[in-house]
Amino acid sequence: MDDLLIARSLFGTTMAFHIIFATIGVGLPLMILTAELLYQKSKDLEYVVMAKRWTKAFAVLLGVGIPTGTIAGTQLSLLWPGFMEVIGRVMPLPFQIEIYAFFIEALFMSIYVYAAERIAPWMRIVSLILVALGALASAVLITNVHAFQGTPAGFRIEDGNIVDVNPWAAFFNASFFVTAGHVALSAYVTGAFVVASVAAFKMLRNEYGSRLYKFHQKALMISLVVGGIASFGTALNGHSAAQYLHEYQPEKLAAAEGLFETQSHAPLAIGGITDRETESVKWGIEIPWALSFLAGNSFDTVVVGLNDFPEEWWPPLFIHTLFNAMVLIGSLLIMIAFAGIVWKKFLKKDRFPKWFLWLLVTSGPLAVAAIEFGWIFACTGRQPWVIYRILSTAQAATTATDLGLLFILFIAVYIILAIAVVLVLLYYFKKNTVLDDIRRAEDKNVQLFSSNS
Amino acid sequence: MTDALIAITVLWGFVFIYAVMATMDFGAGFWSMIYINREKTKATNIANRYLSPTWEVTNTFIVALVVAVYSLFPTAAYTLGTVLLVPGSMILLLLALRSAFLVFSNIATEYRKPLTYISGITGILIPGLLISVLPITHGEFVDYETGFAQLNLGELFTSPNVYAFIGFGISSTLFLSSVLLADYSKVSHAMDAYQVYLRDARIFGPISLAMAFLIMLTLRGEAPWLYDKMMEDLPLLLFSLVFFLIGGAGLFLPSFFEKGVRGMPRLAMIAVTIQYLVASYVYGKAHLPYIVYPGVTIESAFTDPNSFRAVFVTYIVGFAILFPGFIYFWSLFMHDKRYLRQRKPKEGTQS
Ligand code: HDD
Ligand code: HEM
Ligand code: HEM
């Protein structure tokens, strides 16, 4: 592998690892907040127990999310110094403001956990809202840098120099709101379905009608409602994201759809593999005219094909598969949430079929997979550019050589962390069962949040 | 002051704040490992009580620092990013293990010991590596032969000056954190732990000072430009030394404020902080105008003026918003007697 390829793989690996913890770190606080609010409304202690258990899981995940995020932030300068030089000049605001969001999240997370028993209930809720807002803001802001990479704004290049810098124009670049909205909503999808997975699994393991079964069923219903709303929003917003690609990064949309010839009434290809030789999508299902309609809301919309661009500007063609996988999972999650809610609330059935629970168990991992597919699609689909049509990835890369050993070391550390975090979570929740926590919650003299063993 | 000078002052402020917070953080982690088997003194509990709520906040400062470098001095970020790839990556790898295992050790209580060992040992190596960034910016280990800046690792790791810096970083970490923990245990009425940390501070204070002299001694040969400029401020360096002595008095003399107690850790804490502040001011001033000697200066690396103004405004707004949060945080964890004087050592010290 040459050094550029190693740098790309190393950075991509870091991001792919961080994003698991970061996304759940945005999604879980909303679930915790929902549970706390439900408790205030119903005074049902089981909701406090849920909030406590999710907070514990969140705290453990933070232990990996924060250092890997620190790696991501620093690695940007270490591996892509050319990119960060431009960002520093033109687009420093999101990173800068993100720091304040991190501080808010860190301060109030500690307060929520370590001072839980010393502060007033309303202050607990305020702390939790600030944690959730801090996490959301950090996701939105970092995504803004990604949005800027696709739709750069707020500067001009003259004779190789950056001039006319307007950092706020860069901040409010064209795709900021759409992209940030998509990332935020998809994080809530993921947070909710990860909870749903665990709850469904526990329902399969516990006897129908037992206290534990009912506890997990409550958690499941919260996550289906939150997840259902969020996944519906994600799909609507994803549709806008695709229309933005049509407008601003047409070669990315063309590669995502495997479209070679520019045409109106363009067909939508679902599934299949893009074939360079025959310039078509093999083994896919074609829906005539649909792509034109999706891209511009009318069948007459002309969608630009790859052949209109020089081949060295083409993104890798496999992003078609990544895009399809993301959309497929998104659609499936909407259906799962919808079916679950209808079954329970409208048909008033009190028991889910076993196969449906198993389907729910897969929903969390599927949501995480969609996040990974979406990001690799978005970042790899931008190639060969690190800033679209302005700075190429090769120009931005570090001039240092011999990155191979570092790559191996980082992967080794990620593997260690991944194994350790799973073991710690399993250990903790095995030692502290739901029944233990319910007992603690009911006993006024025991501190629930600070309790551990 | 020019904008670039304001910017480097802000950056220096961040470096100083992070340096102090990081020494407390990594030091507390190390002490909590050292005293893990001596349950009676509660020294480990005290260290954990400080560490558990603060490590996340401390970590955010390192991110703030990195962001400040590239948003204020993007050109310097280019050179620094290139030469710091290897040391920077080492720091990141250690930091990842350290933070994660710190959290894990508080959750998986049965495996607390091995987990604490991992986080304690990785943690104490980090300040040594972090401080090695300073001699790298002195320039003598950066080659430009290929046309690009490149770090000469062989020279870096055979330089006595670099080792003096590393030794200073580690001993200062142990010194400052034991002074802080002495104060923290005293406020918490944990007098056994107080004696332990007081003794550690007495040991590591003189070692840090010796290391500081060693830095100056080796600097003279390796980066004479910097040494000469630092010596121009000799009065300030002596002033700093005076505060070290005041700090020493705070550790050794019987308390003026309380009968029958030896040491005034709060006084020592303040004096030692001033000592480091003054000394690092002298170092920073002598380092100017270079960020990386001799090619990158604060003027040549400075960002676009429009961006600078926008970033500066966010500093002010951000500070105004965060300040009450910091005060509240401080009052809950550094000041609230219910937290400090908990009867039962709390098992549930989470993240
Ligand atoms: C739970 C995760 C999830 C789900 C179910 C979906 N997405 Fe997505 N998508 C993401 C998670 C995601 C993401 C990981 O968050 C991305 C990567 C970059 C970004 O902005 O968001 C993304 C990017 C992304 C992009 C590329 C933006 C760019 O390259 O700048 C488009 C066009 C879509 N999505 C469209 C959709 C559509 C039409 C969906 C229909 C259901 C959909 N997404 C579901
Ligand atoms: C968190 C989820 C993300 C994942 C999984 C991800 C994945 C990737 C991958 C796989 C690459 C290598 C692309 C290739 O060479 O084919 C890459 C490159 C890159 N990404 Fe992302 N990315 C993520 C988020 C972001 C964000 C939020 C930013 C903006 C700050 C970003 C900025 C970059 C940059 C600067 C590069 C290197 C230059 C380039 O290859 O274009 N990434 N990312
Ligand atoms: C869009 C993808 C991303 C999302 C949604 C995201 C979100 C988050 C969240 C919520 C946290 C808090 C910790 C946690 O909950 O686990 C976090 C931590 C962090 N992230 Fe990411 N992040 C993303 C990508 C990135 C990228 C590309 C960078 C690098 C520029 C980055 C840098 C950081 C840093 C430095 C931290 C640690 C903050 C601290 O010290 O408190 N993140 N991220």
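Six donors count as octahedral if opposite donors are over 155 degrees apart and all others lie between 65 and 115, where donors are N, O and S atoms within 2.8 Å of the metal (3.2 Å for Na, K and Ca) and water is not among the atoms, so sites may look incomplete. This is a predicted model, in which local features need pLDDT of at least 70 and side-chain atom pairs count only at pLDDT 80 or more, while totals for chains, interfaces and linings use all residues. Residues are numbered from 1 along each chain as its sequence is written, chains are lettered from A and ligands numbered from 1 in the order in which they are written, and side-chain values use heavy atoms, with hydrogens and water left out.

**View 1. The iron atom of ligand 1 is coordinated by A:His182 (NE2) and A:Met326 (SD), at 2.1 to 2.5 Å.** Because the six donor atoms around this iron subtend angles of 77 to 179°, the arrangement is octahedral. A:His182 and A:Met326 are both buried, that is, under 20% relative accessible area (1.4 Å probe, protein chains only).

**View 2. The iron atom of ligand 2 has a single donor from the protein, A:Cys379 (SG), 2.2 Å away.** A:Cys379 belongs to helix H12 (residues 354–380) of chain A, helices being DSSP runs (H or I) of at least four residues, numbered from the N terminus.

**View 3. Polar side-chain atoms of chain A approach oxygen atoms of ligand 2.** For A:Arg382 the distance from a ligand oxygen is 3.0 Å, for A:Gln383 it is 2.9 Å, and for A:Thr393 it is 3.3 Å; a polar contact here is a pair of N or O atoms within 3.5 Å.

Terms used: Helix = DSSP H or I, 4+ residues; strand = E, 2+ residues; numbered from the N terminus. Polar contact = N/O pair within 3.5 Å; in protein donor to acceptor, adjacent residues only side chain to side chain. Tetrahedral: all angles 85-135°; square planar, octahedral: opposite > 155°, others 65-115°. Buried < 20%, exposed > 50% of the residue type's maximum accessible area, 1.4 Å probe, protein only.
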